[in-house]
Amino acid sequence: MAYSHGDGHHPPQSFWTRYVWSQDHKVISIQYTITAIVIGLVGLVLSNLMRLQLGFPGLVPFIDPAHYYQFVTMHGMIMVIYLLTALFLGGFGNYLIPLMVGARDMVFPFLNMLSYWVYLLAVLVLVASFFTPGGPTGAGWTLYPPQAILPGTPGDGAGIILMLVSLLIFIVAATMGGLNYVTTVLQARTEGMTLMRLPLTVWGIFMATILALLAFPALFVSGVMMLLDKTLGTSFFMPALMSLGQALGYKGGSPLLFQHLFWFFGHPEVYIVALPAFGIVSDLISTHARKNIFGYRLMVWAIVAIGVLSVVVWAHHMFVSGMNPYFGFFFATTTLIIAIPTAIKVYNWVLTLWRGNIHLTVPMLFAIGFISMFAIGGLTGLFLGNVSVDIPLSNTYFVVAHFHMVMGVAPILVVFGGIYHWFPKVTGRMLNDTLGQLHFWITFIGTYLIYFPMHYLGFLGMPRRYYAYENYQFIPPSAQVLNEFITVVALIVGVAQFLFVFNLAWSVFKGRAASSNPWGGTTLEWQTPDTPPVHGNWGETLPVVYRWAYEYSVPGEARDFVPQNLAPEGEGEGE
Amino acid sequence: MMGTVIPMDGVRSQSGRSRPGKVGLWVFLAVVTMLFTLLLFAYLMRMQFADWRALPLPWQLWLSTVLLAASSTALFIAHRCVQRGRWREVRAFVLAGGACAAAFVAGQLWAWQQLAEQHYLVAGNPANSFFYLLTGLHGLHVLGGLIGLALTMARLRRGSEQAGGYVQLCARYWHFLFAVWLVLFTVMGTVTPALARSICGGLLS
């Protein structure tokens with residue numbers, strides 16, 4: 001499939017330029033995805049080790065308090081940043097944006113390649129912190145000063161420094177990728193692909209990328225300043241304090257300043273993960289229910305509204321840090337207002353399903369699972385958005401249950417759904433359906449069994465962040481039974497994820513051959529001349545788009561879907 | 001905007017560089033604006049604490065301000081010359097702009113040295129820490145720009161058709177860096193803790 005244009009681009013020739021130093025967005029996407037999944041498995045194992053300690057204290061001798069806090073920290077950091085952010089933007093964004101908008105590649109392919117290698121470097125620096133003396137940092141994933149860099153916190157030496165350096169490197173990688181995604185969506189759309197014809201997947205990733213570009217600088221600033229506090233002894237965040245009986249050189253800094261900067265990044269981060277999930281799930285539901293998405297325009301505006309609102313809610317993470325009551329009122333209000341566009345999206349998904357021709361394929365199961373998980377996890381967010389409810393619950397397992405359902409597991413379900421959905425396009429083979437069903441049901445039911453009891457434990461007052469719960473008068477002994485139960489389920493769910501990994505590895509080579517459009521999708525990525533798409537994606541000419549992305553079950557059409565690039569009768573020369 | 005631009009298939013604007021470069025640069029400028037805005041907010045919040053002791057800004061900063069203004073002007077003229085097709089002058093002014101920018105960085109380092117000699121060290125006071133952090137990050141952005149400018153110069157020497165577009169992008173980035181520097185310099189020179197309290201007081205109390 002040779003094609004020519006004035007840019008000097010040609011298909012890469014050697015193994016190294018094709019698979020390693022590749023500038024092809026599809027290869028970069030696969031590199032991102034594999035790296036993110038590998039580091040994500042590390043995060044998964046860490047969570048199971050934590051659960052072992054909580055369910056069966058002392059069963060695993062090497063989990064002492066220091067290790068426990070290191071596992072908590074690294075689990076959180078890995079899952080939020082290095083798995084979910086990287087996978088949605090670097091993985092899904094890289095693969096889908098050029099294909100869905102009808103481009104040959106990202107607009108800056110070299111920068112795109114650089115983005116992956118810098119991301120890999122960030123991951124390697126993170127992993128390196130496990131092997132330093134003192135181990136990785138155990139400061140908690142929010143890395144609050146002053147404790148994050150003081151003696152007594154696990155990994156207060158090289159561990160915290162490598163953590164901060166790794167984050168700074170990651171932000172550079174995310175910015176390089178983000179510039180590409182935004183510019184590609186704005187500049188490289190093929191003829192006829194107007195903004196209001198973009199699939200919602202692209203809208204979600206686009207808006208999430210804008211959020212990432214504007215929010216990551218806050219993490220960058222706080223990371224640099226904390227690094228200077230740690231290495232050069234500045235006092236940006238560090239107040240005057242005594243440590244182990246000695247006065248330290250710090251004076252007058254403000255830990256609260258760090259919290260503002262961190263959460264100015266940290267809350268948009270929730271939507272950096274959630275918006276791509278919203279977009280992808282919209283497309284999965286529409287495709288597998290053979291029905292157009294309900295309220296496309298409203299879905300787009302809801303994505304934009306959530307993006308805008310998400311930068312004015314950050315201090316709801318700091319109600320317990322103390323603030324002016326007027327600020328508390330403001331941030332509680334904005335937080336609750338976000339429920340409106342979010343609820344619009346949930347209603348529209350459900351209305352899309354209503355009377356649809358629902359195919360319970362594995363991607364569809366994950367999409368429906370997401371709606372359930374997200375709606376229920378989101379409802380408890382309404383509790384916590386109120387200052388007076390948040391303050392007693394904030395330090396309990398209620399919060400752990402809330403955010404794991406709404407921003408941990410829900411987006412991960414979409415990652416799975418998306419991979420089951422697009423794997424045939426990426427590899428030309430189907431994933432095994434039986435393994436997929438098994439993977440879904442264990443993960444879905446398991447998640448509820450893990451996190452529903454945690455809400456209850458939170459109401460009982462069981463504090464989060466504790467290493468062990470023996471001999472606390474206010475925690476009834478029955479709580480320990482629930483903890484054991486949660487741990488057993490978590491181990492089962494953890495092991496079940498290896499079914500997925502096995503399925504991926506096995507199906508790449510042995511899976512059933514897939515047709516070019518196995519799900520009957522309308523969007524452009526299913527209309528490529530080759531499956532998997534080759535370098536340049538489209539052969540001789542770029543596709544021309546004539547319609548929106550959701551023409552399913554149109555009355556009078558021969559098939560139950562109309563591809564976006566199919567010319568209307570009597571216009572153009574067809575596909 | 002609306003879907004008819006197919007950049008990689010050879011549709012390019014007259015200035016030689018396709019539009020993605022411009023859009024990409026604008027997005028990048030938004031990111032850098034965010035970075036410095038957040039730093040300045042942190043600056044304003046931190047300076048309200050009792051231990052803040054403003055440091056005397058060294059006179060070298062005025063010199064480097066003039067140098068960066070000259071650098072920005074040179075690239076402005078270079079871009080004008082691109083539009084008129086005077087390539088010899090383009091090269092001269094790009095070179096002059098780069099030299100002035102390099103001199104700017106040297107001027108900033110000189111200011112650092114001056115402060116260090118007077119024992120205004122980075123960890124001595126939060127005012128010092130912020131001074132070094134703000135000027136340092138801004139200087140790094142100038143150095144990054146110089147790499148871009150060097151690549152543009154190489155393209156100019158080769159007589160590449162796209163070089164004119166790169167000159168335009170460099171000029172825009174330089175004006176931006178100059179504007180950022182003016183804001184930083186003004187804030188560091190004029191804002192007092194009392195003024196900061198009236199701008200964003202209360203958030204940390």
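Predicted model: local features only at pLDDT ≥ 70, side-chain atom pairs only at ≥ 80, totals over all residues.
Over all chains, the count comes to five salt bridges. I shall describe two others, both in chain B. Arg46(B) pairs with Asp51(B), and here the closest N and O atoms lie 3.0 Å apart. Arg46(B) is buried, with a relative accessible area of 0%, and Asp51(B) also counts as buried, at 17%. The other pair joins Glu89(B) to Arg86(B), with 3.3 Å between the closest N and O atoms. What is the setting of that pair? Glu89(B) is partly exposed, with a relative accessible area of 33%, and Arg86(B) is likewise partly exposed, at 38%.

While we are on chain B, a word on confidence. The mean pLDDT of chain B is 88, and 89% of its residues reach 70 or more. Residues 1-17 of chain B, however, stay under 50 in pLDDT; for this stretch the model has 43 contacts beyond four places in sequence. The model scores ipTM 0.92 and pTM 0.94.

Let us return to chain A, and to Thr522(A). Where does this residue lie? Thr522(A) sits in the segment that follows α15 (478-510) of chain A. Its relative accessibility is 0%, so Thr522(A) counts as buried. The side chain of Thr522(A) reaches the backbone oxygen of Ala549(A) at a distance of 2.4 Å. Beyond its neighbours within four places in sequence, Thr522(A) is in contact with several residues, among them Gln527(A), Tyr550(A), Tyr552(A), Phe561(A) and Pro563(A).

I come finally to the domains. How is chain A divided by the domain assignment? The assignment gives domain 1, covering 20-193, and domain 2, covering 526-575. Taken over C-alpha atoms, the centres of domain 1 and domain 2 of chain A are separated by 36 Å. In chain A, 14 residues of domain 1 are in contact with 15 residues of domain 2. Between them, these two domains of chain A bury about 1100 Å², and 50% of that area is on carbon and sulfur atoms.

How many salt bridges cross the interface of domain 1 and domain 2 of chain A? The rule finds zero. Polar contacts, by contrast, are present: twelve residue pairs are counted between domain 1 and domain 2 of chain A. On the side of domain 1 of chain A that touches domain 2, the elements giving two or more residues are α2 (25-55) and α3 (65-101) of chain A. The largest share of that side of domain 1, three residues, comes from α3(A).

That concludes my presentation, and I thank the group for its attention.

Conventions. Residues numbered from 1 in each chain as written. Chains lettered and ligands numbered in written order. Heavy atoms only, no water. pLDDT = per-residue confidence, 0-100. Contact = heavy atoms within 4.5 Å. Salt bridge = Lys/Arg side-chain N within 4 Å of Asp/Glu carboxyl O. Buried < 20%, exposed > 50% of the residue type's maximum accessible area, 1.4 Å probe, protein only. Helix = DSSP H or I, 4+ residues; strand = E, 2+ residues; numbered from the N terminus. Polar contact = N/O pair within 3.5 Å; in protein donor to acceptor, adjacent residues only side chain to side chain. Domains from an automatic or database assignment. Buried area = accessible area lost by both parts, 1.4 Å probe.
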